Amino acid sequence: MAKLTILEFPDPRLRTVAREIDPAELDDGFRAHIADMFETMYDAPGIGLAASQVDDHRRYMVIDVSETRDERLVFVNPRIVEREGEQVCQEGCLSVPTINADVTRSERIVVQALDEHGTPFELAADGLLAVCIQHEMDHLLGKLFIDYLSPLKRDMVKRKLAKLRRSAA
Ligand code: K2U
Ligand code: ZN
């Protein structure tokens, strides 16, 4: 297994819209890559990781919101087919380090996807799992949680990150 490099804002590759995966691509090589995605996510640490974040522009993502870090979920070609209610959650992002902000998302969703073997499934989610699924699916559309901020707050974030990069250089 290998730890993958996570792209960081404002890398333009994070804005790429991921393409659907042909089920024929879901082979042992893909599943080995999924293992690398989970290793990278657990090491970060994070509870979700989208393909876009490791510069792979196919529509898949990995999630594990469990306290015990042993409830792996793989979503290939995910589609939200039902939404209900609203919830506000303070979000962060492995691709936007040091920044946290409140984002409003659907409280309950139903997602249809393929697993890493190409088997279709449907999952109802609420709370943190629902937030994480929506956050990762935004990544697959080239969207970041800071896009929900006001222009003023987004400019403040850009200035803070630029200052951090200058001081790290
Ligand atoms: O996509 C990512 O960058 C992974 C995020 C997913 C996420 C963000 C906000 C709310 C829920 C999920 C990371 O997991 S951010 C780090 C983190 C770690 C533990 C709990 C929540 C967020
Ligand atoms: Zn993120």
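**An antiparallel sheet and the helix across it**

Strand 1 and strand 2 are joined by three bridges and pair in the antiparallel sense. Two strands count as paired if DSSP finds at least two bridges between them; strands (E, at least two residues) and helices (H or I, at least four) are DSSP runs numbered from the N terminus. Within this pair, Leu49 has Val62 of strand 2 as its bridge partner.

This is a predicted model, in which local features need pLDDT of at least 70 and side-chain atom pairs count only at pLDDT 80 or more, while totals for chains, interfaces and linings use all residues. Residues are numbered from 1 along each chain as its sequence is written, chains are lettered from A and ligands numbered from 1 in the order in which they are written, and side-chain values use heavy atoms, without hydrogens and water.

Strand 2 (residues 60-63) also runs antiparallel to strand 3 (residues 73-84), with four bridges between them. Here Met61 stands opposite Phe75 of strand 3. Strand 3 is in turn joined to strand 6 (residues 108-114) by six bridges, again antiparallel, and Arg79 has Gln112 in strand 6 as its bridge partner.

The open sheet consists of five strands in the order 1-2-3-6-7, with antiparallel pairing. Its edges are strand 1 (48-50) and strand 7 (120-126), each of which pairs on one side only. On average, neighbouring strands are turned by 40° against each other, direction ignored.

Helix 1 (residues 28-43) lies across strands 1, 2 and 3 and runs at about 45° to strand 2. Axes are lines fitted to C-alpha atoms, for helices over the stretch in contact, and angles run from 0 to 180 degrees between N-to-C directions; contact means heavy atoms within 4.5 Å.
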